[in-house]
Amino acid sequence: MKKIFQKAFILPLIIAISVVLVVAKVKSKPPVEHAQVGYPIKAVEVINAKALPFRARATAYGNVEPSVVVNAKAEVAGKIVYVHPDLEKGASLAEGTVVLRIEPTSFEISLDQSRAGLQGSESALVQLETEEKSTRSALNIARANLKVGQEELARTQVLFDKKLVARSSLDKEAQKVLSLRQQVQDIEGKLASFDSRKAATIAQISQSQGQVAQSQDTLGRTAVSMPFDARVGAVSVEAGEFVGVGAPLFTALGIKAVKIDAQLPVQQFRPLVAGASSAKAETMGQSMPAAINLNTPTEFQQGMDDLALEVKVRLIGESDRSIFWQGELIRISESVDPIRNTLALVVEVDNPYAEIIPGKKPPLLRGMSVEAEFFAPVQTAMVLPKKAVHQGRVYVVDADNKLSIEAINIRYTQGDLIVLETDSAEQLAGKAIIISDVIPVIEGMPLKPSVSDTAALELAEKALGAQPQQ
């Protein structure tokens, strides 16, 4: 019993002593020093904002078509008697090559008849001129005879007055004069009719000449020639086949130029026009592009020329960007496709069969799918990579190496580039723009900026794009 009482007393004593010792130890320990905690310093990549040479550009897509396509049709009816051996789909034939002949016999007969009619009319005119000449001679003789008769009548009148001849002699001479005068009048009337007769004959000759020309033209249409250097498309006839007027014969595809109706989204057309206008304004020393009028065809064409867009045509999927054809914008579609919201820019490429590189650069053939890349003239603009812009704001490293957030006004976006309005360009000029990720984004947080020369060089190259061919 005594041992149990001793154990019950000692255990609380030990606990009490332990508590006293712990409290004494804690109170005798010096106070804990608290460190000042701030934002961690964030390492970021930056580029210096500055104006760069910039070319607005956009890419449109379309299919190749020959600039000139002729669907030849028969202009006369008849049997095909000749077909050129190379008149086959895909063949190439030179301008002027006779590729088809239609049976010409009936047209040759018609031409001979027309020529015979012309010769008859010409002979009739010669005969009329001969008769006219003879009639004039006869008139001169008749007038001479009349003069002689009148003189003889005058002498007879003198003799009659002197009672030397009878009245019957005077009457006889007077009757002779009347007869001669009638002859002169008849010849004069006949001579006067020659003008109208010759006019009618000349008109007949003109008509006959027209018939001959028409017959020759019709006969010429029996030989069908290639209208220009061309490749042959579809061929619709064979030798021995009868064709009527207007029957399809073959299709000729011009090889001197091709065209592409390149479909460009409307929203991508604005930067091209804006870029061209700004470049022209810079050239003329103007701060803003002047307003233009396109009310007349001349003004519209001048507006097209003022755009001065360079065009490079490439096959879709071509990885080698050095392989291209130089194109020219020749016109713009009169309307917008309401379904695709695209505008057709018609591009022409000259000599699509020139400078072919086997295995690398084929000729531009009908139906090929191509891309047309349009470049506006070079202008000066403030350009930033898209990754540097966050919902209309940019992150800037200020003079104290702290994060500053600034709102900007965007003129337009081009691929992964952002083009700024003039006020924003002036606002950011010379500042360090952050191009790397910043998480979390806390304005005023300390930064450790590092200028990326590689990113700046890449931005400059993208802004300028490919250089035009010299």
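Mentor: Helices (H or I, at least four residues) and strands (E, at least two) are DSSP runs, numbered from the N terminus. The model is predicted, so local features need pLDDT of at least 70 and side-chain atom pairs count only at pLDDT 80 or more, while totals for chains, interfaces and linings use all residues. Residues are numbered from 1 along each chain as its sequence is written, and side-chain values use heavy atoms, with hydrogens and water left out.

The part to look at begins with Asn341, in the loop that links β14 (325-337) to β15 (342-350). Its phi is near 55°, a positive value in a residue other than glycine. Asn341 counts as partly exposed because its relative accessibility is 40%; buried means under 20% relative accessible area, exposed over 50%, and partly exposed in between (1.4 Å probe, protein chains only).

At Asn351, phi is near 50°, also positive in a residue other than glycine. Asn351 lies in the loop between β15 and β16 (369-375).

Another backbone feature is the cis peptide bond between Ile439 and Pro440, with omega about -5°. Pro440 sits in the loop between β22 (432-434) and β23 (447-451). As background, most residues other than glycine have a negative phi, and most peptide bonds are trans.

For the chain as a whole, there are seven helices and 23 strands. Of its 470 residues, 33% are buried.
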